[in-house]
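Me: I'd like to learn how to read a structure like this one, step by step. Could you walk me through it?

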Amino acid sequence: KSAAKPATSSGKAAKKKKWSKGKVKDKAVHAVVLDKTIYDRILKEVPTFKFISQSILIERLKINGSLARIAIRHLEKEGTIKRIVHHSSQLIYSPFSLSYPYPRLVLMIDTARPTTAAE
């Protein structure tokens with residue numbers, strides 16, 4: 001009883017939309033174990049960064065997030081970096097040499113000094 005469909009049908013099956021696969025991001029291969037070479041790179045390179053955060057270390061040194069947090073805590077304990085911003089989700093540091101705690105105070109003291117006619 002069932003009749004076979006003709007080969008040239010113009011229904012939905014014939015014009016099925018092909019979705020693009022989309023761009024697939026490559027899986028990041030980051031180090032999960034701290035070895036001597038990575039440790040030396042952390043001690044040498046990180047204090048030279050102007051801006052230090054967990055995401056910066058992950059991106060530049062290709063290390064895991066937990067290793068980045070441990071490295072930041074270690075450098076802060078050593079005194080080579082200093083915390084600038086403390087937020088629950090993002091901690092921001094700078095090298096200790098660049099982070100003077102009261103730069104505006106020094107500027108205010110210099111400008112607030114009264115000038116005399118002799119100067």
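Reply: Gladly! Let's start with burial: a residue counts as buried under 20% relative accessible area, as exposed over 50%, and as partly exposed in between. Keep in mind that this is a predicted model.

Me: Then is Tyr39 buried, partly exposed or exposed?

Reply: Tyr39 has a relative accessible area of 28%, so Tyr39 is partly exposed. You will find Tyr39 in helix H1.

Me: Which residues does Tyr39 contact, leaving aside its neighbours within four places in sequence?

Reply: For contacts, we look for heavy atoms within 4.5 Å. With those neighbours set aside, Tyr39 is in contact with Leu34, His74 and Glu78.

Me: What does Ser53 touch, not counting residues up to four places away in sequence?

Reply: On that count, Ser53 touches Ile72, Gln90 and Leu91. There is also a polar contact between the side chains of Ser53 and Ser55, at 3.1 Å.

Me: Now for pockets. How does one look for them?

Reply: Rolling a probe the size of a water molecule over the atoms shows where empty space is left. In this model, the largest pocket has a volume of about 180 Å³.

Me: Which residues line the largest pocket?

Reply: Its lining includes Ser53, Ile72, Gln90 and Leu91, along with Gln54, Arg69, Arg73, His87, Ser88, Ser89 and Tyr93. Helix H3 (65-78) and strand E2 (91-95) are the elements that give two or more residues to this lining. The largest share, three residues, comes from H3.

Me: How many nonpolar, polar and charged residues are in that lining?

Reply: By class, the lining of the largest pocket has six polar, three nonpolar and two charged residues.

Me: You mentioned E2. In which sense do E1 and E2 pair?

Reply: To read strand pairing, look for the bridges between two strands. Strand E1 (residues 81-86) pairs with E2 in the antiparallel sense, over five bridges. As one example to locate on screen, Lys82 has Ser94 in E2 as its bridge partner.

Me: How many residues lie between the two strands of that hairpin?

Reply: Four residues lie between E1 and E2, and the two strands form a hairpin.

Note on methods. Residues numbered from 1 in each chain as written. Predicted model: local features only at pLDDT ≥ 70, side-chain atom pairs only at ≥ 80, totals over all residues. Heavy atoms only, no water. 1 Å grid on protein atoms, 1.4 Å probe; cavity = no way out; pocket = protein on both sides within 12 Å on 5 of 7 lines; lining within 4 Å. Points joined across faces, edges and corners; volume = space filled by probe spheres on them. Nonpolar A, V, L, I, M, F, W, Y, C, P; charged D, E, K, R; others polar. Polar contact = N/O pair within 3.5 Å; in protein donor to acceptor, adjacent residues only side chain to side chain. Buried < 20%, exposed > 50% of the residue type's maximum accessible area, 1.4 Å probe, protein only. Pairing = 2+ DSSP bridges.
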